[in-house]
Amino acid sequence: MSTTISQALQPAFATGEFITQVFLVSAALFMLLAIAMFYRAVKGPTTQDRVLAVNVLGTNTVVVLALLGAGLGEPSLLDIALVYALLNFLMAVAISKFTVERGGVL
Amino acid sequence: MIETIRTVAIVGFILVGLFFTLVSATGVIRLPDVYSRAHTASQADTLGAGFALAGVALALGFSTTSFKTVLLLFFIFITNPTAAHAIARAADEEGIKPWTTDDDRTDADLYEEAMADE
Amino acid sequence: MSDNRTLVPLSASSTNRNTIEYAVRTALADGPATLRLVYVHPPEVHADDSREQAATDLLKRASVWANEDGEQFDAELTIETAQLGTDEYLFSPSDIADTIARDAIQTGANRVLFDPSYDPGIGAPLLRPLEYELARFDAFTVEEAPAGRSARRTPFLARTSLPQIGAIFVISFVFYQILAADPTYWFEIVTGVVSAAIVAIGLSQVTFTRNPTWQTPARLVRHTIYIPYLLKEIIKSNILIAAVILHPKLPIDPRMTRIRPAVWGSLPMTALSNSITLTPGTLAVRIDGRTLTVHTLVPAAREGLFAGDLERAIRFVFYGREAAEITSPEQRGEAELIDSTDEPSSWEQDDGAPTDAAEEERTDTEPPTMNETDEGDDT
């Protein structure tokens, strides 16, 4: 493996070393907030609470992906973020629809 | 000079984004019932993500990648409230009653009641 | 001047929406038409201005409806409004019939169309005698709109047309090129054209329900005015909610509410409920026709919702400036607090039998049922 961490941290965009650090640190903080969502996802009590927690977690993941894309200089991460955002939405709607017996949500 | 302003703006956007996401996380953990939680999940979180993505778009400058970021921001603003609405509506369809201030039942009680009615 | 003129006398009635829809549909069936909406004032109007204001509002709302319905037809629709009987005392059905007939003859109307629950406000059930009196005149036909209660529904699968396919093709092609790595590379352009063509042909039936017109860009421009306004509202109320949530005591007062916004059509309704959900403190839970069930977190958010600022902005975006001025849902009596989402709304109960009492309640400017009732709670 030739890519070391210091190489990965090289600023790929003309925004300087400092901004790169900001992106990576804030990505870590967003990740922490996402992990906090597991509390609600596990505790519930309703199915909707869990879906909600996973949905918030997903939104945070999208932001983390975007921040990493900018911080690590990997523009392709933004494509992943786009797909993730749409899938996250579909997940929330689909689970909402199929957990209800009467159906007809949306 | 202009670079300094941009850096400050990026850091500012990301900090505001972090703050609102923190509010959203606090809300989802603290608030008493699924409807109230859906509020912060859809709104504070959308704004938090919006600010953070705006920071990213600003850092990337004028490029296809930053265009994608703006698109992502737009998607989140459309889909997040819709998802929250779908979740709240599913809760309503299940017969879960909203919690009110003078109510001494917990969210788990309200859930069990709704399940008992089925 | 077109030869197809319809005169529609209006009063405060729950079936107005259907009547307008029927009037527009039948009038435009064969060529361009003129719709003349008139409000006949009851005798006591001379005493105060509020009735006159109510009449102006009613006519304005009806014109917005008619314009909206007229957009779906190729033929051109002209709308006139008028208030009759402001300078005379109209007591009996024959007085009112004379006034309507005179107006119809003066303006050259060849059809008079009544709302099934039309009542000019002199207390008696008047429609039958009115129609009977009007049948004396030969210059026009008298007709009553069918009393269908169900709202107009646009079919999910609409007929497709070339402008629709073209619009979707352009939108999806641009979207494809945004996602593409290099929009100038020939490979991206060819694959873009192919995928956009597949999307346009496959999805043109479900995307638009009518042809894009020149009004669509005007709406887009108004949308761009709306977005900064919405952003401002979102940030303002987000700060308020953030303070509530981070407050150690968590001072929330969640309540279910129900409003009936003065917004028609599925797209404006979607935009409104999405905006309501985006604005912190309010969350759209359920939409049934025009009735919106909204969960509110704090009293401040509730007041904002009942004051109807977002609703007004949405009307501005979709119908233009003049439609923005309708009164707030609270003043219309179309906002209430509810204990359970199963209980029927107060205005739906009214709609069943439009009695005098119900009419009175609807025109009341007092705030709706804000008192807390615990009886509805079936624990």
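**Figure 1. Gln72(C) sits in the loop that joins α2 (50–70) and β3 (77–84) of chain C.** Helices (H or I, at least four residues) and strands (E, at least two) are DSSP runs, numbered from the N terminus. The model is predicted: local features need pLDDT of at least 70, side-chain atom pairs count only at pLDDT 80 or more, and totals for chains, interfaces and linings use all residues. Residues are numbered from 1 along each chain as its sequence is written, while chains are lettered from A and ligands numbered from 1 in the order in which they are written. Gln72(C) is partly exposed, with 14 other C-beta atoms within 10 Å. A residue is buried if 20 or more other C-beta atoms lie within 10 Å of its own, exposed if 12 or fewer, and partly exposed in between, with C-beta atoms placed from the backbone. From C-alpha to C-alpha, Gln72(C) and Arg25(C) are 9.3 Å apart in space, and 47 residues apart in sequence.

**Figure 2. Helix α10 (residues 309–319) of chain C is largely enclosed by the rest of the structure, because eight of its 11 residues are buried.** The buried residues of α10(C) are Leu310(C), Glu311(C), Ala313(C), Ile314(C), Arg315(C), Val317(C), Phe318(C) and Tyr319(C). Chain C has 13 helices and nine strands. Of the 379 residues in chain C, 34% are buried. Among contacts in chain C with a separation of 6 or more, 74% are between residues 24 or more positions apart. Two residues are in contact if their C-beta atoms, placed from the backbone, lie within 7 Å.

**Figure 3. Helix α2 (residues 34–42) of chain B packs with helix α4 (residues 64–93) of chain B at an angle of about 175°.** The axes are 9 Å apart, and the angle makes α2(B) roughly antiparallel to α4(B). Axes are lines fitted to C-alpha atoms, for helices over the stretch in contact, and angles run from 0 to 180 degrees between N-to-C directions. Angles under 35 degrees count as roughly parallel, over 145 as roughly antiparallel, 65 to 115 as roughly perpendicular and the rest as oblique. On the α2(B) side are Val34(B), Tyr35(B), Ala38(B), Ala41(B) and Ser42(B), which meet Asn80(B), Pro81(B), Ala84(B), Ile87(B), Ala88(B) and Ala91(B) in α4(B). This contact of α2(B) with α4(B) has nine nonpolar, two polar and no charged residues. Ala, Val, Leu, Ile, Met, Phe, Trp, Tyr, Cys and Pro count as nonpolar, Asp, Glu, Lys and Arg as charged, and the others, Gly among them, as polar. Chain B has five helices and zero strands, and 61% of its 118 residues are buried.

**Figure 4. α4(B) and α8(C) pack at an angle of about 90°, with their axes 9 Å apart.** The two helices, α4(B) and α8(C), are therefore roughly perpendicular to each other. Pro81(B), Thr82(B), Ala84(B) and His85(B) of α4(B) meet Ser273(C), Asn274(C), Thr277(C) and Leu278(C) of α8(C). By class, the contact of α4(B) with α8(C) has three nonpolar, five polar and no charged residues.

**Figure 5. Chain C meets chain B through 28 residues, in contact with 30 residues of chain B.** On the side of chain C that touches chain B, two or more residues come from each of α7 (215–246), β6 (255–259), α8 (266–278) and β7 (282–288) of chain C. The largest share, seven residues, comes from α7(C). That side of chain C has 17 nonpolar, eight polar and three charged residues.

**Figure 6. Chain A meets chain B through 44 residues, in contact with 43 residues of chain B.** α2 (16–43), α3 (47–72) and α4 (76–99) of chain A each supply at least two residues of the side that touches chain B. α3(A) gives the most, with 14 residues. By class, that side of chain A has 32 nonpolar, nine polar and three charged residues.

**Figure 7. The largest nonpolar core has 130 residues.** A nonpolar core is a set of buried Ala, Val, Leu, Ile, Met, Phe, Trp, Tyr and Cys residues joined through C-beta atoms within 7 Å. Ala66(A), Leu67(A), Ile87(B) and Val112(C) have the most contacts inside this core, and α3(A) gives the most residues to the core, 13. Domain 1 (5–144) and domain 3 (215–363) of chain C both give residues to the core, so the core lies between them; domain bounds come from an automatic or database domain assignment. Not counting residues up to four places away in sequence, Ala66(A) touches Leu78(A), Ala81(A), Leu53(B), Val56(B), Thr69(B) and Leu72(B).
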